[in-house]
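Here is a structure to read together, one feature at a time. Please have the sequence and the 3D view open.

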Amino acid sequence: MKTIELRNARARKPEWSLTEPVNFYLDEGENLAIIGRNGSGKSMLVDMITGKHPVFPDQISYSFDEPYNNMKHITFRDTYGGDNDRTYFLQQRWNQMEIDEETPTVGSKLEEAYLLSGEDTPERRKFQKHLYELFHLEDLLDKYIILLSSGELRKYKLTANLFTNPKVLIIENPFIGLDAETRDQVKELLRMLTEEQGVQIILVLSKMDEIPPFITRVIKLDKLHFVSDIKVKTDYPIERCPLAIEDINEEMVPPIPQQVINFNNVTIRYGERTILKDLNWVVLKGEHWALSGQNGSGKSTLLSLVCADNPQSYACDISLFGHKRGSGESIWDIKKHIGYVSPEMHRSYKQNIPAIQIVASGLKDTVGLYYTPTQQEKDQCIEWMDMFGIKHLADRKFLEMSSGEQRLVLLARAFVKNPDLLILDEPLHGLDLCNRNLVKSIVDRYMFENPMRTLIYVTHYESELPNCIDHSLNLIRNN
């Protein structure tokens with residue numbers, strides 16, 4: 001029996017559809033992975049399955065009634081939620097010395113989701129209690145939601161979506177931003193859902209090596225059409241792709257010692273929780289740092305201090321680019337030296353303007369483009385877009401691109417002004433293998449050709465580190 005079936009389906013708007021009629025099915029008991037390169041059509045297929053891009057009624061069928069309740073779609077491009085949460089939780093966290101008592105807790109938000117998802121009955125309360133036990137949420141219920149780590153947020157969001165007891169759970173990018181231990185925990189949670197609750201899971205992934213063992217079938221898309229549909233019983237093989245730029249092996253020119261960052265016994269607290277404690281850290285010009293640590297260890301907080309986004313920096317002994325914080329410099333005096341990209345920045349970027357304008361905004365450190373770039377500046381933007389393989393997207397609007405294409409645009413934006421300090425926080429999120437290798441090689445080439453430039457690179461995957469890394473800082477989570 002087929003749980004979901006698309007038969008010769010096309011989206012009602014031709015520009016939304018794949019290049020050929022879609023014949024898709026999910027058999028009862030199957031767990032499916034949809035893979036493919038950035039822009040291959042993965043999200044478009046999911047939108048057709050879920051009805052976001054509607055097809056004609058005779059072209060789609062479900063084995064269940066009320067698809068809205070029985071089929072849940074979660075995307076982890078935006079860990080904190082959708083448009084209603086654009087107050088932006090991390091900014092709330094950074095901009096508070098003490099947590100406002102009205103800030104929601106995990107328990108209050110989950111209770112709200114529970115009451116909205118159905119009638120309050122003893123049977124549903126029993127199911128709610130079972131989910132809390134299954135995901136080990138009891139100790140998190142009193143925790144403020146803005147203090148949750150990425151892994152804890154996964155548990156919260158999964159639980160909130162499971163209150164309707166759906167038949168099918170579709171999850172895009174479930175593992176982005178998670179350290180190795182937490183990735184394994186999420187995979188185990190999803191496995192338990194399939195076995196204990198009978199939920200069928202569809203995962204949408206860019207990285208083939210992240211396909212978990214409980215997946216029974218893999219569909220691969222390329223250039224808006226199906227290229228393979230394979231039933232699997234063992235781990236799916238990892239595809240290989242040549243580097244777009246050869247690795248750099250030459251020795252780099254020794255940098256001139258000069259402090260870019262100096263943290264002296266820096267401590268950051270939110271309420272009763274200590275995020276960073278007595279941190280001493282000096283970064284010299286020309287050094288290339290890997291920043292690592294478990295989810296919740298303070299990496300985002302540390303970067304907010306470096307990027308002048310965290311007001312607590314004024315109460316700390318911090319110097320950036322030779323100037324002590326609070327000595328009269330503005331945040332723009334600091335940001336003009338920095339090229340930056342992060343998952344948080346990507347999630348909050350809602351400017352639906354052409355890609356070349358997004359890249360050009362990096363020249364002035366603005367979110368949108370509020371000036372007319374010169375022809376020389378436009379050429380500079382096109383040059384970097386060409387480097388990242390997205391020159392053909394120059395006139396495409398940002399919100400009409402795939403997540404991977406958006407990430408490449410934001411990376412070009414980070415590089416475009418030739419910054420003194422490049423901060424790349426999980427830069428390979430959502431990128432396929434070819435584009436991951438492309439970005440790593442661009443980082444290596446940039447650092448080799450600009451030996452006085454400094455790099456801070458954040459990732460949970462050692463394999464994602466570029467070859468130029470020569471220093472590392474591992475943060476330990478404070479309990």
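Q: What is the average pLDDT of the protein chain, and how many of the residues score at least 70?
A: The model is a predicted one, and confidence is the place to begin. The protein chain has a mean pLDDT of 82, and 86% of the residues reach at least 70.

Q: Which elements have the lowest and the highest mean pLDDT?
A: Helix α3 (residues 89–94) has the lowest, 45, while strand β17 (residues 454–458) has the highest, 96.

Q: Where does pLDDT stay under 50?
A: Where pLDDT is low, the predicted coordinates should not be read in detail. Residues 78–97 form one such stretch, with 48 contacts in the model beyond four places in sequence. Residues 234–257 form another, with 41 contacts of that kind.

Q: Ile456 is in which strand?
A: Ile456 belongs to strand β17, the element with the highest mean pLDDT.

Q: Is Ile456 buried or exposed?
A: A residue counts as buried under 20% relative accessible area. Ile456 is buried, because its relative accessibility is 0%.

Q: What does Ile456 touch, leaving out residues up to four places away in sequence?
A: Its partners include Trp281, Trp289 and Leu291, and also Leu421, Leu422, Ile423 and Leu424.

Q: Where is Leu203, and what does Leu203 touch?
A: Leu203 sits in strand β7 (residues 200–205). Among the residues that Leu203 touches beyond four places in sequence are Leu32, Ala33, Ile34, Ile171 and Phe214. Leu203 counts as buried, at 0% relative accessibility.

Q: Which residues of helix α4 are buried?
A: For a helix, list the buried residues, then look down the axis. In α4 (residues 106–116) the buried ones are Val106, Gly107, Leu110, Ala113 and Tyr114. They line one face of the helix, because they fall within an arc of 125° seen down the axis of α4.

Q: What do the buried residues of α4 pack against?
A: They pack against α5 and α6 (150–162).

Q: At what angle do α5 and α7 pack?
A: A helix pair is described by an angle, a distance and a handedness. Helix α5 (residues 122–134) packs with helix α7 (residues 180–197) at about 145°, and the axes are 12 Å apart. Their crossing is right-handed.

Q: Which residues of α5 and α7 meet?
A: From α5 come Phe127, His130 and Leu134; from α7 come Leu189, Met192, Leu193, Glu196 and Gln197. Sorted by class, this contact has 5 nonpolar, 2 polar and 1 charged residues.

Q: What is the phi of Asn165, and where is Asn165 found?
A: Phi is a backbone angle, to be read together with the residue type. Asn165 is not a glycine, although its phi is positive, about 55°. The residue is in the loop between α6 and β6 (168–172). Asn165 counts as partly exposed, with 39% relative accessibility.

Q: Is Asn173 buried or exposed?
A: Asn173 is buried, at a relative accessible area of 12%. Asn173 is in the loop between β6 and α7, and its phi is also positive, near 50°.

How values were computed: Residues numbered from 1 in each chain as written. Predicted model: local features only at pLDDT ≥ 70, side-chain atom pairs only at ≥ 80, totals over all residues. Heavy atoms only, no water. Axes fitted to C-alpha atoms, helices over the stretch in contact; angles between N-to-C directions. Helix = DSSP H or I, 4+ residues; strand = E, 2+ residues; numbered from the N terminus. Left-handed = near helix turned anticlockwise from the far one by under 90°. Contact = heavy atoms within 4.5 Å. Nonpolar A, V, L, I, M, F, W, Y, C, P; charged D, E, K, R; others polar. Buried < 20%, exposed > 50% of the residue type's maximum accessible area, 1.4 Å probe, protein only. Arc of directions from axis to C-beta. pLDDT = per-residue confidence, 0-100.
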